[in-house]
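Reader: I am new to this structure and would like to go through it step by step. Could we begin with a term that will be needed along the way?

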Amino acid sequence: MADDLEQLLRDARERIQGASLRAALEEARVAILGRNAELTQRLRGIAQLPADQRGAIGKRLNEVRLQIEAAIAEREQQVAARELAEQLERDRIDVTLPGAVVPRGGLHVLTQTRRQIEDIFIGLGYQIAEGPEIELEYNNFTALNIPDGHPAKGETDTLWIAPGVCLRTHTSPVQARTLRAQEPPIYVIVPGRVYRRDTPDATHSPIFHQVEGLVVDRGITLADLKGTLAYFARSLFGADRETRFRTSFFPFTEPSVEVDVSCFLCAGDGCGVCKQSGWIEILGAGQVDPNVLAMVGLDTDEWQGFAFGMGIERIAFLKHGFPDLRLLYDNDLRFLEQFPA
Amino acid sequence: MKVPVSWLRDYVAFDLPLAALAEKLVLSGLEVDRIVTRGAPDVDGNHGTFRIGRVVEWARHPNADRLRLCRVDVGEAEPRQIVCGAANFDTGDTVVVALPGALLPGATEPLRQAKLRGEVSDGMMLSERELQLSEEHDGIIRLPDAYEIGSEARDHFALAETVLEFEVTSNRSDLMCVYGIAREVSALLDVELAPPPGALPEALGRRPTSALVTVSVDAPDRCSRFTARAFDDVRSGGSPLRLRQRVAAAGMRPISNVVDITNYVMLGLGSPVHAYDAAKIPGRVLTARLARDGEELTTLDGRHRVLTTDMLVIADGDGPNGLAGVMGGEGAEIGAGTESVVIEVACFERAGIGRTAAALGLRTDSANRFIRGVDPHLPPQASAWVAELLVAHAGAAMLPKPQDVVAALPARERVVLRTGFAERILGMPIGDDAAVRILDRLGYEPARVDGGVETTVPTWRQLDTTREIDLVEEVGRIHGLDALPATIPARHDRGGGLDRAQRLRRTAEDVLAGAGLHEAYTLSIVDGDQPDRYGLASDDPRRAMVAVDNPLSADYAFMRRTLVPGLLQAVRRNRASGRADVALFEIAHLYHASEGRVTADNLAHEPWTLGAVIAGPLGGTSWVGEGRESDVFSARGVLDALCGRLGVAVRLEPTQLAHLHPGRAARILLGSDAVPAGELGELHPDVAARFDIEGRVAVLELDLDLLAAAVPDRFTHRDISDQPPVRQDIAVVVANDVRAGDVIAAALEAGAPLLVNAEVFDVYRDERRLGPGRVSLALRLVFQDPERTLVEDEASAVRAVVVQALERRFAAELRG
């Protein structure tokens, strides 16, 4: 009897091990543990056994059933693992093939540059002021201490809309608007589109973009301007950049300076971009001319300020080195996609 | 402004290297464009190989008609044989000879003894151009006989000259001359400045100046000063080599002794000078007056010019003789036969010269200086210097009683500089001593007063430095801005950062880019045909564009009222380069004005506007599959992405617009107030054809200011329900003019509050099954009670209510 049972267990194990497909294993289970299987029959027959044998045989039969069930479970795991492995092998694919289409857009290099500039000054607590592109002659010139008869006001440089109205030639008129609209302290930058009566070529465009800066507060010095612009230049062009001031002339600032940053391409050794000087001009700036402050009724002994202005196109050019300004307005995707971020 | 360094050294001594000097000048406000050295390289004793020689004899080269075989004495035992191509010399002439071994300007190899057509040439006789003294190359240099034979040429003139090329800012008229730049150098280096050049010679003439000319001013507001001197016995000829050399190095062409001297004085002192042949001044009068309409004049450049009444002329007894301050007339040109000369040194009003020069396209050296402004005190000094040079180099006799018609000279202003104020503006210490020293070097005649310095503005700075703040700049720039500390002002008063509209605009940019569109920058000035090209209806308000008064060309004549045509142009360009998928957006201003009319009292309305176009499969194609072909729903999807991101409800209202597909165009209504804020649709095929674009083109244009206004001020928190939603789908058949948007709205209304969402997930048309003109909309309904779990039956009851409502309102039939 016992030998008989051992044989059954051996046969069952052999059959289970021999099943390599899920279906075959299921078949084996039915054959070994199903309603008509020998083991099931025997288990069912326990009740007919003499009472003194029931305990031992019943225990032994149940042990065998549990062992078989464990063997099936183990085999099931093996089969599933192998089938999964085969499935995965069938799934194998060249993962270097291109992916599904996810449309990729992007921001124009001028927007990226504008945001970079804005963010640097926002970090210093500045706000962003805006003004109209069709602007009063008064704001564009007179309020900025640019006298009548100045060549910039002429028919050759300025696009006029109506008597006393022009397309702003710089973002500086927003200085005048801000000074009238807001009590100092004032810390603003003014990004925007400006116009000149220039024929488009590699270095000129009738339309371009500037960022103006204006600070008016008590005790503002030229040294504050230098520190602010040095911070700006390092933020934009790298921590090693040096900044220098050259005295210059603008009607609405006095003293006026042009600001150079040490060349970030050649590190000061001299290259084509810095014209062998080691320095690159990035913007014009100065202390707000007392005439400009007095025109809005500010006491120039109490309030001082500085202003600066830069071309976004120029900054973008310095950072990215494209050869022709017109590329910025052609909107050729082959150009735009070169500046993803 | 080009300044020969040897000339600069006439007025100020310095031993600092030129590069260091240039850097100081640059930082103080005088831009140095280039430093250029002209002439023979000054290396390895090269300059010693250029000698003064004398032509002992010459004969025609036996083998070449155009060459001469010469024997030239250069102070050696025997004359050297030199073959020469020039023909402007004769036996006995004094010349410049380069000996073998000499390195000529621009040469890479030294000169060698050579055989030219079979004859030995043991050196070279030089022209001015070969020595880079000037552009002159009609013959070799002939020198005065007084030069010692065999002496080194460098003892008599400079074989090399270094030239500083400056770019002078428009406010610094005083730097348009060598002496003015010397004054800057003197201040920067704190060294002595020589007195201004020009020592008046003794008047020797037999007759007074008035015997040759009488000057007068008829237009005093255009001519503040008119001086004249006259000279007899002028020997017209070439000017001394050194003078020619400097004039050429400064960028002007040497012409003759009289003309070169006038230019030399202008370059040296900054006051333009004009010379007349006294015999060619009819009536012996010169009057500064406005031209009469239609008067004519041939200027020195040989051009015939018709004058207008805004142009100032110098007129003689017969009419205009020259264009005042711009260019003289051919009539009184100095020539070989000139014996008596009248020298005019005058001051003309800046803007008038500017208008005349611009009208005639004549930006002469003289006009350039007058436009910047010439010191009215300067003409007598310049006139004296001209006289000194004419006497010295043209043998002239100066006539007595020069003339000077001068209006009241502007009073010299006194300005006090508070040193403390300067330090407060600059943010660095200066000190009284430094302020006085700097202002003294610059000619301000400073005197110490309590707390600062009192100055008298120099006559040459009266256009420029008349206020305390101007003196702050003077002191700061000479003291040196490189000494400025770098500080950052601390700001305590209020917060910074983007305002709400600016922040939302950035979000819009990011959403559009994230949706797969590239940002474009198109030109905001457009041509007048744009509305026609875009196909706008004849009554479309966007036809009324603001016009530019003085456009550069017809292509840039109007301020745009729509962004889309510029973007379509960009699509065309990209399609032309073979790109199928082009999706672009732009965020920029438009310019609204009623009837396109703008006045100083009524400027344009300039709303921030979004324009977008999508043409072709968005995102392109891949082996995995293609992006979706563009149609009206591409635009709708982008709009929904934007409005969804900003929390703005959006509704579309079908519309007819001439430039859009008649069956695929809609007005955009924003927010609960349904504010009309733009349009979207597919481009009308006729318009697409005009832009050479194939396929459906989705377009979208939206007023971003209105969009920003529709964004809720704040988004407040709502509790999220953990109760599971129940989803049920229905399909209703409606007439195909029923709008899906209306069906959704009606369903949500009828199913509230348990129906929390309804979406169209399928649209099905089949005339056979549904009947003509019918369409099936499949809706997914989502029911939820925030407080408890809904059972299917409760959801079904609400669904039945919804179905009933749709049947009632749209005659909808429930399908299946």
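Predicted model: local features only at pLDDT ≥ 70, side-chain atom pairs only at ≥ 80, totals over all residues.

Reader: Which residues of helix α2 of chain B are buried?

Author: Helix α2 of chain B covers residues 18–28, and its buried residues are B:L18, B:L21, B:A22, B:L25, B:V26, B:L27 and B:S28. As a general point, an α-helix has 3.6 residues a turn, so residues three or four places apart point the same way.

Reader: And what covers the buried residues of α2(B)?

Author: The cover comes from both chains. Chain A contributes β7 (243–250), and chain B contributes elements including α1 (5–8), β2 (31–39) and β10 (160–167). Helices α3 (178–189) and α11 (468–479) of chain B also belong to that cover.

Reader: What follows α2(B) in the chain?

Author: The residue after α2(B) is B:G29, and its phi is positive, near 120°.

Reader: You mentioned β7 of chain A. Is A:T243, in that strand, buried or exposed?

Author: A:T243 lies in strand β7 of chain A. With a relative accessible area of 13%, A:T243 counts as buried, because the cut-off for buried is under 20%.

Reader: Which residues is A:T243 in contact with, leaving aside its neighbours within four places in sequence?

Author: A:T243 is in contact with A:K226, A:L229, A:A230, A:A233, A:V259, A:D260 and A:W279. As for A:S172, which is 71 residues apart from A:T243 along the chain, the two C-alpha atoms are separated by 23 Å.

Reader: Let us turn to the contact between the two chains. How many residues does each chain bring to it?

Author: Chain B brings 94 residues and chain A brings 89 residues. Between them the chains bury about 7600 Å², with 55% of that on carbon and sulfur atoms.

Reader: Which residues of chain B lose the most area to chain A?

Author: They are B:Y521, B:N550 and B:L552, which together make up 10% of what the chain B side buries.

Reader: Now chain A as a whole, please. How many helices and strands does it have?

Author: Chain A has twelve helices and ten strands. Its radius of gyration is 42 Å, well over the 20 Å that the globule rule gives for 341 residues, so chain A is more spread out than a compact globule. The C-alpha trace of chain A spans about 130 × 45 × 45 Å along its principal axes.

Reader: What share of its residues is buried?

Author: In chain A, 51% of the 341 residues count as buried. The chain exposes about 15300 Å², of which carbon and sulfur atoms supply 52%. Its 37 positive and 49 negative charges have mean positions 9 Å apart.

Reader: Where is A:G309 found?

Author: A:G309 is in strand β10 of chain A, residues 303–311. It is partly exposed, with a relative accessible area of 22%. Apart from neighbours within four places in sequence, A:G309 is in contact with A:V211, A:E212, A:L283 and A:G284. A:G309 and A:T171 are 138 residues apart in sequence, while their C-alpha atoms are 7.9 Å apart in space.

Reader: Back to chain B, then. How many helices and strands are there?

Author: Chain B has 20 helices and 41 strands. Its radius of gyration is 42 Å, whereas a compact globule of 816 residues would have one near 28 Å. The C-alpha atoms of chain B fill a box of roughly 130 × 80 × 60 Å along the principal axes, and 53% of its residues count as buried.

Reader: What about the charges of chain B?

Author: Chain B has 90 positive and 119 negative charges, and their mean positions are 2 Å apart.

Reader: Finally, where are B:T655 and B:G335?

Author: B:T655 is in the loop between β34 (650–654) and β35 (660–670) of chain B. B:T655 is buried, at a relative accessible area of 14%, and its contacts beyond four places in sequence are B:P662, B:A665, B:A666 and B:R667. B:G335 is in the loop between β19 (327–328) and β20 (341–348) of chain B; B:G335 is partly exposed, at 23% relative accessible area.

How values were computed:
Residues numbered from 1 in each chain as written. Chains lettered and ligands numbered in written order. Heavy atoms only, no water. Helix = DSSP H or I, 4+ residues; strand = E, 2+ residues; numbered from the N terminus. Rg over C-alpha atoms; globule rule 2.2 N^0.38 Å. Buried < 20%, exposed > 50% of the residue type's maximum accessible area, 1.4 Å probe, protein only. Lys, Arg positive; Asp, Glu negative; His and termini not counted. Charge placed at Lys NZ, Arg CZ, Asp CG, Glu CD. Contact = heavy atoms within 4.5 Å. Buried area = accessible area lost by both parts, 1.4 Å probe. Areas by Shrake-Rupley, 256 points an atom, 1.4 Å probe, with all protein chains shown as cover.
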